[in-house]
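This briefing covers the contacts between protein and DNA in a predicted model. Please read it alongside the sequence and the coordinates.

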Number of protein chains: 2
Amino acid sequence: MKSPRNTTAKTVIQDLIVTSNVALSHSEIQKSLEGLCDRVTIYRVLERLIKEGVIHKIVNVDGVVKYAGCHSCSVKHSHNHIHFSCQKCKSVTCLEDVEPTFKMPKKYIISEMNFTLSGLCPQCS
Amino acid sequence: MKSPRNTTAKTVIQDLIVTSNVALSHSEIQKSLEGLCDRVTIYRVLERLIKEGVIHKIVNVDGVVKYAGCHSCSVKHSHNHIHFSCQKCKSVTCLEDVEPTFKMPKKYIISEMNFTLSGLCPQCS
DNA sequence: TTACTAACGCAACACTGTTGCATTTACAAA
DNA sequence: TTTGTAAATGCAACAGTGTTGCGTTAGTAA
């Protein structure tokens, strides 16, 4: 019987991401943990949390990978919302209510969307 | 007088990207060049071509950076179109005609957009 | 408490991208 | 055509990010 385990690292990392109002990068998480666990462990915990549907992965316009909690995922698990990336404070936030519309050419089969806007967030503007 | 120079590397790389119907990554370009020039040179040429407005940089949903020619940029230089990323053949194409619409919350100032859709391209579907 | 194995730490590695510096070379001016 | 300048290059070294293998630790079911 393969059963997942709740370890200290997993609990702390999950808490950190879910309670944060902005998406966090691996290095930001590592700094917060202050040597609580190894870098590799953080990668593996993040991987597990994504598989469990607790968090989701965001690739920012600048290529920086961030992780954010899944808030509305219990209702419907889709990440087809817009992400906003602030060019000043570098924060990435999920705008879960905003859903874009567009017309696609035929013959394209769409299974995933990734929409990121950049500019200034309410705090920085 | 600071004047740009047309070198072999620049000419070949520019040709490669502009004539390609899909966006190319640094490593794909490097393979095509077959040792014509150094990796670093490719990075620097790409940087220059972006500054000159000949090509533009795309960060795919999986974080892979690709480069594509600017076709309609002579008319209006905006990259607010959708990019399509095929999950099968890994190709990235610019859908320059598709412009998405959406409603943003107040207080956000938008200066850049990055929309990428994933799925199957016409060739793979 | 014990046994099983998920999860961990550590070392090593691959890939991507950047920087400094000496050398080469494109191109404008003589 | 030749020459001088600095744009562009090659090489070495480095930093950041992410992955893999393997021996050890520790969570949890029995």
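A side-chain N or O atom of Arg44(B) lies 2.7 Å from a base oxygen of DNA strand D, a polar contact (a pair of N or O atoms within 3.5 Å). Two or more residues of the surface near DNA strand D come from each of α3 of chain A and α3 of chain B, where near means a heavy atom within 4 Å and helices are DSSP runs of H or I, at least four residues, numbered from the N terminus.

**DNA strand D**
- The side chain of Arg39(A) places an N or O atom 2.6 Å from a base nitrogen of DNA strand D.
- A phosphate oxygen of DNA strand D is 2.9 Å from a backbone N or O atom of Arg5(B).
- α3(B) contributes the most to this surface, with 5 residues.

**DNA strand C**
- A polar side-chain atom of Arg44(B) is 3.5 Å from a base oxygen of DNA strand C.
- Phosphate oxygens of DNA strand C lie 3.1 Å from a polar side-chain atom of Tyr43(B) and 3.0 Å from a polar backbone atom of Asn6(B).
- With 5 residues, α3(A) gives the most to the surface near DNA strand C.

**Basis**
- The model is predicted, with local features needing pLDDT of at least 70 and side-chain atom pairs pLDDT 80 or more, while totals for chains, interfaces and linings use all residues; side-chain values use heavy atoms, without hydrogens and water.
- Residues are numbered from 1 along each chain as its sequence is written, and chains are lettered from A and ligands numbered from 1 in the order in which they are written.

Methods
A polar contact is a pair of N or O atoms within 3.5 Å; within protein, one must be able to donate a hydrogen and the other to accept it, and residues adjacent in sequence count only if both atoms are side-chain atoms.
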